[in-house]
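Please examine the sequence and the structure shown here before reading on. The briefing that follows is arranged by topic.

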Amino acid sequence: RVAWSGAQPLRHGALSLGPARAAAARTRPASMSAAPKASETATDAARTWPANLVRQRFIDFFASKHEHTFYKSSPVVPLDDPTLLFANAGMNQFKPIFLGQADPSSPLSKLSRAVNSQKCIRAGGKHNDL
């Protein structure tokens, strides 16, 4: 099962979302700019609030109101971590920070508040055992 991790904001620095994201936000249809009404059915709400909009609103909220930096999500199969077969949590990409192994000159080391929507694989069983 593939799940979107993102319920917990990541802590990191102050990068801009960039002009492309700002332009995309300005060009959204009016039907996607407001929260669904209480009278709408779940199907109507899903059409009004597709998954990509929910993810973007989550990112925009933390980036604009709580000074989080958008940090691009990592691949589901980690490229530079031989200890992981796949990303099983949204915090995996920040492992070098927690272990004190982040290169001081890298953008990763400059983060104090981060936000993203990390794709991950959740395996069933006790404590995510395979």
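**Briefing on the predicted model**

Ser-74 is partly exposed, since its relative accessible area is 22%, and buried would mean under 20%. The model in which this residue is seen is a predicted one. The chain contains four helices and four strands, and 29% of its 130 residues count as buried. The points below begin with the whole chain and then turn to individual residues.

**The chain as a whole**

- Among the contacts in the chain with a separation of 6 or more, 71% are between residues 24 or more positions apart.
- The chain has an accessible surface of about 8800 Å². Carbon and sulfur atoms account for 59% of that surface.

**The loop between S2 and H4**

- Ser-74 is placed in the loop between S2 and H4. Not counting residues up to four places away in sequence, Ser-74 touches Gln-93 and Gln-118.
- The C-alpha atoms of Ser-74 and Met-91 are separated by 9.8 Å, and these two residues are 17 residues apart along the chain.
- Phe-94 also has its place in the loop between S2 and H4. Is Phe-94 buried or exposed? Phe-94 counts as buried, because its relative accessibility is 2% and the cut-off for buried is under 20%.
- Between the C-alpha atoms of Phe-94 and Leu-108 the separation is 7.7 Å, with the two residues 14 residues apart along the chain.

**The salt bridge**

- How many salt bridges does the structure hold? The structure holds one salt bridge.
- The salt bridge is formed by the side chains of Lys-95 and Asp-81, at 3.2 Å from N to O. This pair links distant parts of the chain, as Lys-95 lies in helix H4 (residues 95–98) and Asp-81 in the loop between strand S2 (69–70) and H4, 14 residues apart.
- The two partners can also be described by their accessibility. Lys-95 is partly exposed, with a relative accessible area of 27%, whereas Asp-81 is buried, with a relative accessible area of 14%.

**Ile-97 in helix H4**

- Ile-97 is found in helix H4. The relative accessible area of Ile-97 is 31%, so this residue is partly exposed.
- Which residues does Ile-97 touch, not counting those up to four places away in sequence? Ile-97 touches Ala-102 and Leu-108.
- Ile-97 and Leu-111 are 14 residues apart along the chain, and their C-alpha atoms are separated by 8.9 Å.

**Glu-67 and its backbone angle**

- Glu-67 is found in the loop between helix H3 (51–65) and S2.
- The phi of Glu-67 is near 55 degrees, which is a positive value in a residue other than glycine. Most residues other than glycine have a negative phi.
- Glu-67 counts as exposed because its relative accessibility is 64%, and exposed means over 50%.

**The largest pocket**

- Rolling a probe the size of a water molecule over the atoms shows where empty space is left.
- The volume of the largest pocket is about 300 Å³. This pocket is lined by 15 residues, of which Asp-80, Asp-81, Asn-92, Gln-93 and Pro-96 are the closest to its centre.
- The lining of the largest pocket is made up of eight nonpolar, four polar and three charged residues.

Technical notes. Residues are numbered from 1 along each chain as its sequence is written. This is a predicted model: local features need pLDDT of at least 70, side-chain atom pairs count only at pLDDT 80 or more; totals for chains, interfaces and linings use all residues. Side-chain values use heavy atoms; hydrogens and water are left out. On a 1 Å grid over the protein atoms alone, a cavity is a set of points where a 1.4 Å probe fits but cannot get out, and a pocket is an open set with protein on both sides within 12 Å along at least five of seven lines; lining residues have an atom within 4 Å of a point. Grid points are joined across faces, edges and corners, and a volume is the space filled by probe spheres set on the points. Ala, Val, Leu, Ile, Met, Phe, Trp, Tyr, Cys and Pro count as nonpolar, Asp, Glu, Lys and Arg as charged, and the others, Gly among them, as polar. Helices (H or I, at least four residues) and strands (E, at least two) are DSSP runs, numbered from the N terminus. Buried means under 20% relative accessible area, exposed over 50%, partly exposed in between (1.4 Å probe, protein chains only). Contact means heavy atoms within 4.5 Å. Accessible areas come from the Shrake-Rupley method with a 1.4 Å probe; for residues, only the protein chains shown count as cover. A salt bridge is a side-chain nitrogen of Lys or Arg within 4 Å of a carboxyl oxygen of Asp or Glu.
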